[in-house]
Amino acid sequence: MVQKNKISDSTLVRDYIQGKEAALGVLIKRHQQRLYSFIYSKIQDRDITEDVFQDTFIKVIKTLKKGNYNEEGKFLPWVMRIGHNLVIDHFRKSNRMPTFKNTDEFDIFSVIGDGNLNAEKKLIQEQIYNDIREVVNELPEEQKEVLVMRMYKDMSFKEISENTGVSINTALGRMRYALINMRKLIEKHNIILVN
Amino acid sequence: MMQIYSKKPSEIQMKPKENTVQFLINFSKSLTFVKTKSEDFIELNLN
């Protein structure tokens, strides 16, 4: 159900930049579950998720207070992007490679690390990730854009639609074709995506 | 058909601790940026 009289993110951001501190609490509470769940889905550790969530909003606060924010109307994708970058920073700092779930319902987009992997497994995983990266890079630009926003930035199709300037149906179609094309490319290149 | 991914991250419903949110609100209240003549920012934390 659409909530009436809900203050938009852009209004809250403007209010906050103008000194209304209460607006920040509304923004955090409005988006906390989305951001926190996204970070946890990648990191799988409550304490680290808490830290990354906090660091994300510290960056948000500093950017807004400096007057450097210029993405009016796209607050959530911007916050999610900061969170996504901090998740990557975390994995870089901890020097852990992304892993691959070896199940029937494996998740090729998982970036959960495993510090106990041996050298051979690490090499295989690096190869898998290189293969995926190459497959994604072979997609047509508009399909790649939608796939990256959906799978790596956890954006809804409504947000993707707003950010790319196409209808939700078009975004859905591009995602569908991206997955179909990825499967074709995987078959064409005889890529094996299990460890 | 092969399922290429299992569960969307957004399906996991979790929230930060209340004291994390409160910390951010307090942090924001205590933080001020002052712009210098050379267009640099000085960060002041008045906690």
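## The hairpin of chain B

B:Val34 stands opposite B:Ile42, a residue of strand 2 of chain B, and in that strand the bridge partner of B:Lys35 is B:Phe41. Strand 1 (residues 31-35) and strand 2 (residues 41-45) of chain B run antiparallel and are joined by 5 bridges. Together the two strands form a hairpin with 5 residues between them, and in the turn B:Glu39 has a positive phi of about 65°.

This is a predicted model, in which local features need pLDDT of at least 70 and side-chain atom pairs count only at pLDDT 80 or more, while totals for chains, interfaces and linings use all residues. Residues are numbered from 1 along each chain as its sequence is written, and chains are lettered from A and ligands numbered from 1 in the order in which they are written.

A residue is called buried if 20 or more other C-beta atoms lie within 10 Å of its own, exposed if 12 or fewer do, and partly exposed in between, with C-beta atoms placed from the backbone. By this criterion strand 1 of chain B is hardly covered, since the count of buried residues among its 5 residues is 0. For chain B as a whole, buried residues make up 6% of the 47 residues; the chain has 1 helix and 2 strands, which run α-β-β from the N terminus on.

Chain A has 8 helices and 0 strands, and 25% of its 195 residues count as buried. If two residues are taken to be in contact when their C-beta atoms, placed from the backbone, lie within 7 Å, then residues 24 or more positions apart account for 60% of the contacts in chain A with a separation of 6 or more.

Helix 2 of chain A has 22 residues and should span 32 Å at 1.5 Å a residue, which agrees with the 30 Å between its end C-alpha atoms; the expected span is 1.5 Å times one less than the number of residues. The helix has a kink of about 55° centred on A:Gln32, where the bend is the angle between axes fitted to the seven residues ending at a residue and the seven starting there. A:Gln44, which follows helix 2 of chain A, has a positive phi near 60°.

## The nonpolar core

A nonpolar core is a set of buried Ala, Val, Leu, Ile, Met, Phe, Trp, Tyr and Cys residues joined through C-beta atoms within 7 Å. In the largest one, with 33 residues, A:Leu35, A:Ile39, A:Phe53 and A:Val146 touch the most other members. Helix 2 of chain A gives the most to this core, with 10 residues. The core draws at least three residues from each of domain 1 (7-95) and domain 2 (97-195) of chain A, whose bounds come from an automatic or database domain assignment.

Not counting residues up to four places away in sequence, A:Val146 touches A:Ile160, A:Thr164, A:Ala171, A:Arg174, A:Met175 and A:Ala178.

Note on methods. Helix = DSSP H or I, 4+ residues; strand = E, 2+ residues; numbered from the N terminus. Pairing = 2+ DSSP bridges.
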